Each structure stands twice: as structure tokens, then as C-alpha cells.
Amino acid sequence: MQARKLSIITGLLVAALVFGLDQWSKWYMMMVLDLPNRPPIEVNSYFNLVTVWNQGVSFGMFASHNQPHILIALASVITLILLVWLTRNESKIVALALGLAIGGATGNIIDRIKFGKVFDFLDFHVSGWHWPAFNIADCGVVIGVVLLCIHSMFFEVHNTRKESSNEASV
């Protein structure tokens, strides 16, 4: 029971941190740097600060449909599912991953509620290769999902094998 409480607290703290950093960074880019009303800021030869309003999902997919209410509802349901998962979890790694994803998803949900689209501003490009603009929330979601995949591929299998061998020896 104690491990589950610690997992929930960890996940919620990480979610709050990611959400807070995301909302603060968007506020800073919009209000302090006034990024939406100026040309891109070239930080160095491979990184710019830009204004991109993403009406779709990841990497602008489905942007032409512009259905913010559907995307808000879908992201909210997924976030609720992740919260339920967090309450049933005892792994610190899974709690961290879920917290990252929950915080990021919530940050982008807030953008869709406020603006009808998501504010992206981090723009990386190297040797002619260009990555779609993204934000802190997107980083949280992607890193969280990658951690969940790594955990499920390498650690849950190991734990299952360990449990099977323990059951066989009993």
C-alpha cells in the first residue's frame, strides 16, 4: 500500500511540474518575448524560437479538420485513463512516465481550451533536416510514452519471468 501511495504522489508531482513548466514557457514566449508578433528568433544554427499554432495532433496530423472539441474530449479521456493507471501502479518508473504524459497532455488540453489549438515554439533543424515545432508538453508526452514502452519491453517481461520461476520453485 505504501508503494502505491508513493507512486501516486510521484506521478502527480511530475505531472504538476511538467504542466507548470509547459504553461510558464508558453506564457513567457507569448507575453515576454511576444513571439506570436515577431519573426522567428534564431538562437543558433540549429535551433529557433517560432510561433506555430497546431490545430491537429502530433506533428500537425489531422490539422485540416480543426476539431478542437473532439481533440479536447479525446485527450481528456486518455488523461483520465492514465490517472486511473497511476492509482493502480506501484512502479516508480511507470509513475514517472505516467506523470510526464499526464502533465504534457494536460498542458496541451489547456491550450486547446484557451486558443482552440496548441502553441508550439521549439524549432530544431540540422543539415537540411527539420523537425516539426513542439513544446514542453509534447516533450513530456513523448518521453513518458517512450519510458512506458521501454519499461513494458524490458522490465515487465523480466518481472513476469522472475514471478514464473518463483511459482515453479514453490
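In strand S3, the residue that bridges to Asn54 is Val118. The model is a predicted one, so to speak of a local feature takes a pLDDT of at least 70 and to count a side-chain atom pair takes pLDDT 80 or more, while totals for chains, interfaces and linings use all residues. Residues are numbered from 1 along each chain as its sequence is written, and side-chain values rest on heavy atoms, with hydrogens and water left out.

Now for the overall layout. The protein chain has 4 helices and 4 strands. Read from the N terminus, its elements go α-β-β-α-α-β-β-α. Of the 170 residues in the protein chain, 34% are buried. The word "buried" stands for under 20% relative accessible area, "exposed" for over 50%, and "partly exposed" for what falls in between, using a 1.4 Å probe and protein chains only.

Next comes the sheet. Its 4 strands make an open sheet in the order S1-S2-S3-S4, and the pairing is antiparallel. S1 and S4 sit at the edges with a single partner strand each, so one side of each has no neighbour in the sheet. Two strands count as paired if DSSP finds at least two bridges between them. Strand S1 (residues 41-44) pairs with S2 in the antiparallel sense over 3 bridges, and Ile41 stands opposite Leu49 in S2. These two strands, S1 and S2, form a hairpin with 2 residues between them.

Moving along the sheet, strand S2 (residues 47-54) and strand S3 (residues 118-126) are joined in the antiparallel sense by 6 bridges. Here Val52 is placed opposite Asp120 in S3. S3 also pairs with strand S4 (residues 129-130), again in the antiparallel sense, over 2 bridges. Within that pair, Val126 has Trp129 in S4 as its bridge partner. As a rule, the side chains of a regular strand alternate between the two faces of the sheet.

Ser127 lies in the loop between S3 and S4. The hairpin of S3 and S4 has 2 residues between the strands, and in it Ser127 takes a positive phi near 45 degrees, although Ser127 is not a glycine. With a relative accessible area of 71%, Ser127 is exposed. Asp34 belongs to the loop between H1 and S1. Its phi is near 55 degrees, again a positive value in a residue other than glycine. Asp34 has 32% relative accessibility, so it counts as partly exposed.

On to the helices. Two packed helices are described by the angle between their axes and the distance between the axes. The axes of helix H1 (residues 2-32) and helix H3 (residues 92-115) come within 7 Å and cross at roughly 35 degrees; axes are lines fitted to C-alpha atoms, for helices over the stretch in contact, and angles run from 0 to 180 degrees between N-to-C directions. The contact of H1 with H3 holds 12 nonpolar, 10 polar and 5 charged residues. In this count Ala, Val, Leu, Ile, Met, Phe, Trp, Tyr, Cys and Pro are nonpolar, Asp, Glu, Lys and Arg are charged, and the others, Gly among them, are polar.

The largest nonpolar core has 10 residues in all, including Ala15, Leu82, Val94, Ile102 and Leu148. Such a core is a set of buried Ala, Val, Leu, Ile, Met, Phe, Trp, Tyr and Cys residues joined through side-chain atoms within 4.5 Å. Helix H2 (68-87) and H3 are the elements that give two or more residues to this core. H3 supplies the largest share of the core, 6 residues.

Finally, the cysteines. A search of the whole structure turns up 0 disulfides, a disulfide being a pair of cysteine sulfur atoms within 2.5 Å. Cys139 is partly exposed, at a relative accessible area of 26%. Cys149 is partly exposed as well, with 37% relative accessibility.
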